[in-house]
Amino acid sequence: RRSKVSSVYFDGAFSERVRQLTVEKDENTGNTVFPNLFSLMIFSAMVGRHYKNSCSNVKVESRINEIPDRIFIGNNLDGIVYLLALDSTKDGEILREGNENELWRYLENFAMLGMQEIDLWLKEEPYLKAHDVILHFMKIEASKTVATEKEAVHPQF
């Protein structure tokens, strides 16, 4: 499924957050929060989709940190991109040849929404390490999911 190259970008408004999450190394571990840009893009898109059902009103203004589609394809993450687009359009037409740029915009736009949410998380706890803040919010969402599943399996009468 290759006709032309599409690329995705982070919005320049998040340049400092992107740097913080993919470049800054933890002084104890020597690791970054995300090992690369495409991991952050996928994570932030999933966060964006978790909190928002639509990305139709999103506009990435100033584009930074280009990530070509081949990076996602080479790392077997293109399926996530296709599922995001299918979920958003509810129509398989998005997968037709010639729609590549539009298809990849769903990833970019949901990532924008996710970066907005992650930015709020990090502003809420500015003195904590970014990875601790992100883990904290992931645990909150996971516990909500577990509680919902428990309720579905064992309803309280």
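The largest nonpolar core of this predicted model holds 40 residues. A nonpolar core is a set of buried Ala, Val, Leu, Ile, Met, Phe, Trp, Tyr and Cys residues joined through side-chain atoms within 4.5 Å. Buried means under 20% relative accessible area, with a 1.4 Å probe and protein chains only. L21, M41, F72, L107, M115 and I118 have the most contacts inside this core. Two or more residues each come from strand 1 (7–11), helix 1 (15–22), helix 2 (37–51), helix 4 (78–89), helix 5 (100–124) and helix 6 (130–153). Helix 5 gives the largest share, 12 residues. Helices (H or I, at least four residues) and strands (E, at least two) are DSSP runs, numbered from the N terminus.

Local features need pLDDT of at least 70 and side-chain atom pairs pLDDT 80 or more, while totals for chains, interfaces and linings use all residues. Residues are numbered from 1 along each chain as its sequence is written, and side-chain values use heavy atoms, without hydrogens and water.

Contact means heavy atoms within 4.5 Å. Residues up to four places away in sequence are not counted for L21, which touches T32, V33, F34, L40, M115, I118, L122, A130 and I134. N109 lies in helix 5. Its relative accessible area is 11%, so N109 is buried. Beyond its neighbours within four places in sequence, N109 is in contact with C55, V58 and V60.

Helix 2 has 15 residues, and at 1.5 Å a residue it should span 21 Å. That span is 1.5 Å times one less than the number of residues. The end C-alpha atoms of helix 2 are 21 Å apart, which agrees. Buried residues of helix 2 include F38, L40, M41, F43 and V47.

A pocket is an open set of points with protein on both sides within 12 Å along at least five of seven lines; in a cavity a 1.4 Å probe fits but cannot get out. Lining residues have an atom within 4 Å of a point. The largest pocket has a volume of about 170 Å³. Its lining includes Q20, E24, K25, T32, V33 and H131.

Two cavities of 30 Å³ or more were counted. The second largest cavity has about 30 Å³ of space. Y9, F10, D11, F14, V60, E108, A111, M112 and M115 line it. Helix 5 gives the most to this lining, four residues.

Definitions and conventions
Buried means under 20% relative accessible area, exposed over 50%, partly exposed in between (1.4 Å probe, protein chains only). On a 1 Å grid over the protein atoms alone, a cavity is a set of points where a 1.4 Å probe fits but cannot get out, and a pocket is an open set with protein on both sides within 12 Å along at least five of seven lines; lining residues have an atom within 4 Å of a point. Grid points are joined across faces, edges and corners, and a volume is the space filled by probe spheres set on the points.
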